[in-house]
Amino acid sequence: MKADIKTINKILASVFHPAKDENIVSLGMVEDVKIEEEKIKFKLVFTGRDALAGSIKKECEKVLNEAFPDMKISILELVREKKPEKKVKLELGQEQLSDVDKIIVIASGKGGVGKSTVAVNLAITLAKMGYKVGLADADVYGPSVPKMTGTEGFMPEVEIIEGENSESEKSELIIPIEKYGVKWMSIGYFARPEQALIWRGPMACNALKQMILQVKWGRLDYLLIDLPPGTGDIHISMVHDIPLSGAIIVSTPQAVALADVEKGVNMFRNDAIKKHIYGIIENMAWFTPAELPQNKYYIFGKDGCKAIADKYDLPLLGQIPLIQSIREGGDNGEPTALTEGPVLEAMKKIAGYL
Ligand SMILES: Nc1ncnc2c1ncn2[C@@H]1O[C@H](COP(=O)(O)OP(=O)(O)O)[C@@H](O)[C@H]1O
Ligand SMILES: [Mg+2]
């Protein structure tokens with residue numbers, strides 16, 4: 001085959017960015033393709049640090065070598081800074097977040113829709129993709145991260161930071177629990193279950209902020225926050241006081257859940273809050289029994305989240321079916337995304353939006 005720019009672009013378009021589910025040419029990652037005698041040269045452009053850069057470059061070399069075995073391939077990797085995201089200004093007390101790239105809350109209007117399941121599996125997926133990830137379980141009323149990750153009963157260590165001048169300046173930092181490549185923090189590591197339930201108002205709010213602000217996160221690409229369900233005072237205070245990059249809203253397609261999604265969207269878009277919404281994830285979108293893999297049963301209704309997403313001009317980030325292994329994984333502390341399968345695939349796609 002003769003090497004010309006058009007053919008080279010066509011061949012490179014067979015290389016997909018796994019996290020974005022789109023080919024590198026359409027993503028605008030290929031620039032300045034040149035042919036010089038026996039050499040094909042081009043620039044491979046990444047936006048920000050990309051854990052997948054190495055494997056994508058290798059894949060480019062492979063497809064070009066196959067097509068043009070006599071040519072040398074020279075790829076210049078470039079990292080261009082991400083589009084200027086408004087770097088949220090940190091306030092006093094937010095120092096532990098200074099090395100965290102993106103802080104994303106996982107929210108839902110209604111409880112039991114699978115918010116924690118999504119948060120935990122997404123965290124594991126991002127870690128598997130090579131990112132540094134933390135998850136703060138801020139659901140003071142129903143912390144489920146310890147159970148879902150098999151870290152129940154773990155006791156995080158506390159580091160005492162001496163004040164420079166006086167005793168009273170001593171402060172404490174909580175060291176997150178590390179498992180499955182993710183740093184986990186949960187109010188569940190500290191409170192007995194019956195205790196968390198009686199927390200009200202300011203106390204719940206403080207406890208919740210501690211799970212985020214008083215934790216030694218270190219350097220992270222993503223900090224996910226599993227919020228309690230609802231859109232009450234606690235949420236508003238939280239969402240307002242934490243320097244968020246944005247929110248993901250989880251819902252089932254059921255009418256009662258969708259009504260609460262609208263409340264959630266309105267909260268994040270409220271003038272006093274104004275936080276970015278990445279989009280909506282539809283959980284329990286349908287049920288497929290193992291013995292009838294072609295059949296989809298829309299138990300909670302069909303495409304409910306799509307309709308709401310369209311109404312508010314938000315992307316539908318993904319649809320996750322009702323699968324027995326998701327429930328089992330949650331109950332036995334081994335989230336489904338640890339193994340290959342539809343959940344890991346769906347989560348990778350969602351990761352591409354973040
Ligand atoms: N797609 C799914 N398929 C099967 N079970 C699920 C799915 N999503 C969530 N579950 C199960 O439903 C229950 C509630 O999910 P959870 O993530 O705790 O909800 P939330 O955090 O919104 O209250 C859990 O037992 C979980 O394992
Ligand atoms: Mg939960």
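Modeller: Domain bounds come from an automatic or database domain assignment. The model discussed here is a predicted one.

Biologist: Into which domains is the protein divided?

Modeller: Two stretches of the chain are set apart by the assignment. They are domain 1 (5–80) and domain 2 (95–351).

Biologist: What is the radius of gyration of the protein, and why is the protein described as being as compact as a globular protein of that length?

Modeller: The protein has 11 helices and 15 strands. For 354 residues the globule rule gives 20 Å, and the value for this protein is close to that, so the protein is as compact as a globular protein of that length. The radius of gyration is 23 Å.

Biologist: How many residues does each domain bring to the contact?

Modeller: The C-alpha centres of domain 1 and domain 2 lie 35 Å apart. Contact here means heavy atoms within 4.5 Å. By that criterion, domain 2 supplies 9 residues and domain 1 supplies 6 residues.

Biologist: Which residues of domain 1 lose the most area to domain 2?

Modeller: About 590 Å² is buried between the two domains, with carbon and sulfur atoms giving 49% of it. On the side of domain 1, three residues together account for 66% of what that side buries. They are A19, R49 and A51.

Biologist: How many salt bridges are counted between domain 1 and domain 2?

Modeller: The side of domain 1 that touches domain 2 has 3 nonpolar and 3 charged residues, and no polar ones. For salt bridges between domain 1 and domain 2, the count is 0.

Technical notes: Residues are numbered from 1 along each chain as its sequence is written. Chains are lettered from A and ligands numbered from 1 in the order in which they are written. This is a predicted model: local features need pLDDT of at least 70, side-chain atom pairs count only at pLDDT 80 or more; totals for chains, interfaces and linings use all residues. Side-chain values use heavy atoms; hydrogens and water are left out. Buried area is the accessible area (1.4 Å probe) that two parts lose on being put together, summed over both. A salt bridge is a side-chain nitrogen of Lys or Arg within 4 Å of a carboxyl oxygen of Asp or Glu. Ala, Val, Leu, Ile, Met, Phe, Trp, Tyr, Cys and Pro count as nonpolar, Asp, Glu, Lys and Arg as charged, and the others, Gly among them, as polar. Helices (H or I, at least four residues) and strands (E, at least two) are DSSP runs, numbered from the N terminus. The radius of gyration is taken over C-alpha atoms; the globule rule is 2.2 Å times the number of residues to the power 0.38.
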